[in-house]
Amino acid sequence: MSDIAIRVRGLGKQYRIGGGNRGPYRSLRESISDVFKLPFRRPASTDEETSFWALNNVSFDIRRGEAVGVIGRNGAGKSTLLKILSRITEPTTGRVELHGRVGSLLEVGTGFHPELTGRENIFLNGAILGMRRSEIARKFDEIVAFAEIERFLDTPVRFYSSGMYMRLAFAVAAHLEPEILIVDEVLAVGDSGFQKKCLGKMENIAQHGRTVLFVSHSMQAVRRLTTSCLVLSGGEVVYDGPTAGAIREYERLQRLDTDMAPTYIANPPPRHSHIAQASVVTSGPCGQHEWGHPLTFRFTLHFTESSQHFTFSFQVMDEQERPVIHCYYIHPVTKADYALGPVERGTYQVECHLPHPRLYMGRYTVTTWLTNRRSNQLIEKLSRILAFEVTMHEQPREEYERQPGEAAYVEDWAWSPVQPVEIGV
Amino acid sequence: MESTAPLDKTASPDLAATPHAPASPVIRIEPTRGWVAVRLKELWAYRELLYFLVWRDVKVRYKQTVLGAAWALLQPLFTMLVFSVFFGRLAGIPSDGVPYPLFALAALIPWTFFANALGQSSNSLVNSAHLIAKVYFPRLVIPLASVLGGLVDLAVACSLFVPMLLYYGITPGWGILWLPGFVLLAIVTALGVGLWASALNVEYRDVRHVIPFATQLWMFLTPVVYPGSLVPERWRLLYNLNPMSGVVDGFRWALLGAGAPPGLPLLASALASLTLLVTGAFYFRRMEKTFADRV
């Protein structure tokens, strides 16, 4: 009991997603007109469609001095969990107990003001993170040395390069010494030298007996810094144990998740312009596609209004959710890029044909963007639809299995024959 | 209910028993329902952050404009000049026995502070969205910082009085000792309205369009351009429920000895201010849990 730093029981967070014309915020005008509409309102649709649980019944304990990682794919609830533990947002259900002074690093450089100098921003940022002024003054020289910006201390930060900015921001954050440190993937900044320094500093913090909760997408960083991990999936904790096992579980989930159909149907269809249906036409059945064969993506777009400013593009993503191919619509006649041209309200079909795709073996999905170019508004983004798998059975080495970390793209290459050569001594 | 145990108590008895474990604060996080305590103690714990935010706003404001500190003087000064010409001279509005320019200035200085504070604080939460989404601190700090930031401008503007009083040969009486009290009342009023405005603006985003219009109307409902004595007797009490009327009348009386000494009207006005502040604080705290998700 006495050595628990973080105790979480039954934590849940429910978000309402705006349906129809209710966005994240309302206007007084809408609220007032709602009052008048009250007698005429039809019974509200079930809440199931307009809300979702980002976290659901999450429970775990973290002991004092442990360094624990939190991993999971995008949308699994990691950021929501951190936000709740950092008291930025409130849980819908459940409770949390934090024993000790908490410092949260959800972003680097929070509150930096471009007009203020480096020196002034150190104090400002430190205060925002929760450090006392005396504490900042005491650590000032260390912070400046860590960031390597002695010469630029008194220039306004807007003149800093992005590298200097990040180094300074991280330097302040790195000197936060709370009993419980909550970190959200802030190590992906700066050049590799600086990243090593940051990783080292984080290790240092963990070794000094502080409790660290660390969200990351980098398995390498998680392996190095943490002894145990939580794996989140769909808002729930699916694994709580040693890091090695957690990483295996995470990878297993990644593979499972992409067993989706190579077709997509919008159900229920939203009320704005959207993709009604989509499919990927592969060389074989069930989303199996042989390397090098032509690949076609078919999209059925439904527009709820006429406009000449719609643009459409999509990316093919690999298993690590890295984009590999970017296709944006180009009108075959006018060659105008991006815009679909003038369309009236209605349903249309458009196809994208890749004559000789170079995707390496593995599983891929598609993420689409439908935007209005004039208002710069993202109308609809669909993530991870149209899962398909590229096989290389026609190639030599057909028994070769895909290894993690391999490139997703295969270029044409030509090797010369092996020729003996003499090098001068 | 969210609560933070003070540093000298421990949550569980075991903690006290362990020899090496220091008494640490326990933070409990749970869903809140309905009205939430204001927690002034926590606000006090974050006073250094409040100081830095005020310092940042003042510093940036004075660094950015070419006029810098002069702006704090020019705003009330030019308004006073225009009012003196059109309301004082041309329209011939009475001014409680003191020269109209002084009469107007004494009201314009606290009024400018209030109007600016209202404008700044109503946008403060939305403008600090990046902070609210990433760091924890009592959100009350944000509108508080934007109101207190105006105090620097108020102090600078007050310096206008010195040449003005000298020019007109008026020496303030003992009433001037009341001035800090009226400044405090101005702060309470600005804060009360600011808390309401900032919290409402997060939920109803068109509030910020209403504010400039509301501020203008409000000025005419306050004895800035005209003396309160212009208002017919039977409407006087209702009129004095305006929290700013107490501030403005008070400034005038303290600096110039003009108008009636503090009495029932001031009490009515001050009570209205306090009510706005307390209700504003509770409304703010109640809505606070939605800020990070909505801002």
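**Notebook: chains A and B**

β4(A) and β2 (residues 26–29) of chain B run antiparallel and are joined by four bridges. I count two strands as paired if DSSP finds at least two bridges between them. Strands (E, at least two residues) and helices (H or I, at least four) are DSSP runs, and I number them from the N terminus.

Residues are numbered from 1 along each chain as its sequence is written, and chains are lettered from A and ligands numbered from 1 in the order in which they are written.

**Confidence**

I checked the scores next: ipTM is 0.80 and pTM is 0.70. pLDDT is the predictor's confidence in each residue, from 0 to 100. Chain A has a mean pLDDT of 83, with 86% of its residues at 70 or more. Residues 19–24 of chain A fall below 50, and this stretch has six contacts in the model beyond near neighbours in sequence. For contacts I use C-beta atoms, placed from the backbone, that lie within 7 Å. Residues 41–48 of chain A also stay under 50, and there I find zero contacts beyond four places in sequence.

Chain B averages 86, and 92% of its residues score at least 70. Its residues 1–22 stay under 50, yet the model gives them 29 contacts beyond four places in sequence. Where pLDDT is low, the predicted coordinates should not be read in detail. I left that stretch alone.

**Interface**

My classes: Ala, Val, Leu, Ile, Met, Phe, Trp, Tyr, Cys and Pro are nonpolar, Asp, Glu, Lys and Arg are charged, and the others, Gly among them, are polar.

Then the helices. α4(A) packs on α3 (residues 47–64) of chain B at an angle of about 140°, with the axes 9 Å apart. Axes are lines fitted to C-alpha atoms, for helices over the stretch in contact, and angles run from 0 to 180 degrees between N-to-C directions. The crossing of α4(A) past α3(B) is left-handed, meaning the near helix is turned anticlockwise from the far one by less than a right angle (clockwise would be right-handed). Which residues make this contact? From α4(A) I listed Phe123(A), Leu124(A), Ala127(A) and Ile128(A), and from α3(B) Glu48(B), Leu49(B), Phe52(B) and Arg56(B). That makes six nonpolar, no polar and two charged residues.

**Domains**

I took the bounds from an automatic or database domain assignment. Chain A splits into domain 1 (4–20 + 49–256) and domain 2 (263–391), and their C-alpha centres are separated by 35 Å. Chain B splits into domain 1 (1–30) and domain 2 (38–294), with C-alpha centres 41 Å apart.

**Sheets in chain A**

One open sheet has five strands in the order β12-β18-β17-β14-β15, with mixed pairing.

Thr311(A) has Thr371(A) as its bridge partner in β17(A). β14(A) is also joined to β15(A), antiparallel, by five bridges, and there Val316(A) partners Ile325(A). The hairpin of β14(A) and β15(A) has five residues between the strands, and Glu321(A) takes a positive phi near 60°.

I also found an open sheet of four strands, β10-β11-β13-β16, with antiparallel pairing. Here β10 (263–265) and β16 (346–354) are at the edges with a single partner strand each, so one side of each lacks a neighbour in the sheet. Its twist averages 15° from one strand to the next. β11 (residues 274–281) and β13 (residues 295–303) run antiparallel and are joined by seven bridges; Val280(A) has Phe297(A) as its partner in β13(A).

Definitions and conventions. Predicted model: local features only at pLDDT ≥ 70, side-chain atom pairs only at ≥ 80, totals over all residues. Contact = placed C-beta atoms within 7 Å.
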